[in-house]
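This report examines the structure shown below, beginning with a helix and then turning to hydrophobic packing and selected residues.

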Amino acid sequence: MSKKDTILHKIPEQALLPLYFDKDETVSLEVLKALYGAGIRMVEYTNRGEAALSNFKKMVALRDSDMKDLLLGIGTIKNKEMAETYIEAGADFIICPGLVEEVAEVADANDMLWIPGCMTPSEIIKAENMGAKMIKLFPGDMLGPGFMSAIKSLFPNLLFMPTGGVSLDRENIKSWFDAGVCAVGMGSKLVSKPLLQAKDYAQIQEMTKKALEIVHEIKG
């Protein structure tokens, strides 16, 4: 199985993709340890600040030394230069906030999974025709599970994952899986700004354990 296929299998298996960014290198590393300690084996770090690349390289080094079964993706990739830079830095997969053709081309040239962000049927059709296998529904809170239910039958060969607005509330998570998603992306509702500021890694780990329990219970 190729790395791309492995990731496409493991995202639905984990069913929860945590995503976060913090400008502080130590905080970024400690959060990664907390998520790993909770049982997470796939993480998205978001490219949302000047320190992102430097922090990501440190996270890759930590993965390579202590977390060899962790798959570390990079999010908020908006152009080919960003994609090339993070592939060179050791990213395992790429996630975009929108449908960026030049990023898809770079990822394909490197045989790497790319997950585009889409919010309309037209964007999803274009992404599928470009070879996408998984779609990030973004922003999830604006689209809602009803949107997923309405379009799911149109795209039987695609996997879907909402990001933005997915909360730790069991009913919220269940509504997404009932609508047909394979996983949920969870950012500030899981790795929240107050917890980052407080450096409360124990609470992040406990909340992540709870989130994993909820998604696995819902998925059976």
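Which residues are buried in helix 10? The model is predicted: local features need pLDDT of at least 70 and side-chain atom pairs count only at pLDDT 80 or more, whereas totals for chains, interfaces and linings use all residues. Residues are numbered from 1 along each chain as its sequence is written, and side-chain values use heavy atoms, with hydrogens and water left out.

Helices (H or I, at least four residues) and strands (E, at least two) are DSSP runs, numbered from the N terminus. Buried means under 20% relative accessible area, exposed over 50% and partly exposed in between (1.4 Å probe, protein chains only).

**Helix 10**

In helix 10, the buried residues are Y201, I204, M207, T208, A211, L212, I214, V215 and I218. They lie on the same side of the helix because they cover an arc of only 160° around its axis, the arc being that of the directions from the helix axis to the C-beta atoms. On the other side of helix 10, A202, E213 and E217 are exposed. An α-helix has 3.6 residues a turn, so residues three or four places apart point the same way.

The 19 residues of helix 10 (residues 201-219) should span 27 Å at 1.5 Å a residue, which agrees with the 27 Å between its end C-alpha atoms; the expected span is 1.5 Å times one less than the number of residues. Just after helix 10, G220 has a positive phi of about 80°. Elements covering the buried residues of helix 10 include helix 1 (3-14), strand 1 (16-20) and helix 2 (25-37).

**Nonpolar cores**

A nonpolar core is a set of buried Ala, Val, Leu, Ile, Met, Phe, Trp, Tyr and Cys residues joined through side-chain atoms within 4.5 Å. In the largest core, of 72 residues, I124 and F160 touch the most other members. Helix 10 supplies the largest share of this core, eight residues. A second, separate core has 14 residues, among them I11, L113, I115 and C182.

| Residue | Relative accessibility |
|---|---|
| N47 | 15% |
| L62 | 12% |

N47 is placed in the loop between strand 2 (42-46) and helix 3 (52-66). Its side chain joins that of Y86 through a polar contact of 2.9 Å; such a contact is a pair of N or O atoms within 3.5 Å; within protein, one must be able to donate a hydrogen and the other to accept it, and residues adjacent in sequence count only if both atoms are side-chain atoms. L62 is found in helix 3. The C-alpha atoms of L62 and F160, 98 residues apart along the chain, are separated by 29 Å.

Methods
Contact means heavy atoms within 4.5 Å.
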